[in-house]
Amino acid sequence: MHKRFSEEFKKSAIIRVQNGESQLSVANSLGISYKTLNRWIIRAKGQMPSENVSLSEENARLRKALKEREAEIAFLKKQRRTSQRCRNEVRLP
């Protein structure tokens, strides 16, 4: 059974993702599947002319990418000890 969502509902979900929220968190908060939201986003990108991306949309995209890279860097900087006795030993993932 397929649910029908209004265009306004879809647009509001897409805008939340464009403003930097993760697709997974938006999908969970709206009670829809991640795949459904992803499909809406792909369709919306196909309808928008790529050369006319607004400055605010580009900033939101870049902020999201920066936040993801900072999280990756912070994770990689953390050293994990394999035991409490040996403080110099680092566990590799």
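Two residues are in contact when they have heavy atoms within 4.5 Å of each other.

The model is a predicted one: local features need pLDDT of at least 70, side-chain atom pairs count only at pLDDT 80 or more, and totals for chains, interfaces and linings use all residues. Residues are numbered from 1 along each chain as its sequence is written, and side-chain values use heavy atoms, with hydrogens and water left out.

I begin with the overall fold. The protein chain contains four helices and zero strands, where helices (H or I, at least four residues) and strands (E, at least two) are DSSP runs numbered from the N terminus. Along the sequence this gives the pattern α-α-α-α. Considering contacts between residues at least 6 apart in sequence, 38% join residues at least 24 apart.

Next, the surface. The accessible surface of the protein chain is about 8,300 Å², and carbon and sulfur atoms account for 52% of it; such areas come from the Shrake-Rupley method with a 1.4 Å probe, and for residues only the protein chains shown count as cover. Of the 93 residues, 15% count as buried, meaning under 20% relative accessible area, with exposed being over 50% and partly exposed in between (1.4 Å probe, protein chains only).

What, then, forms the largest nonpolar core? A nonpolar core is a set of buried Ala, Val, Leu, Ile, Met, Phe, Trp, Tyr and Cys residues joined through side-chain atoms within 4.5 Å. Here the largest has 10 residues: Ala-13, Ile-14, Val-17, Val-26, Ala-27, Ile-32, Leu-37, Trp-40, Ile-41 and Ala-44. Two or more of these residues come from each of helix H1 (7-18), helix H2 (23-30) and helix H3 (34-47). H3 gives the largest share, four residues.

I turn now to H2. Its buried residues are Gln-23, Val-26 and Ala-27. They lie on the same side of H2 because they cover an arc of only 95° around the axis, the arc being that of the directions from the helix axis to the C-beta atoms. Their cover includes H1 and H3. Leaving aside neighbours within four places in sequence, Ala-27 is in contact with Ile-32, Ser-33, Tyr-34 and Leu-37. After H2 comes Gly-31, with a positive phi near 75°.

Finally, Lys-10 lies in helix H1. Is Lys-10 buried or exposed? Lys-10 counts as buried because its relative accessibility is 19%. Beyond its neighbours within four places in sequence, Lys-10 is in contact with Phe-5 and Trp-40.
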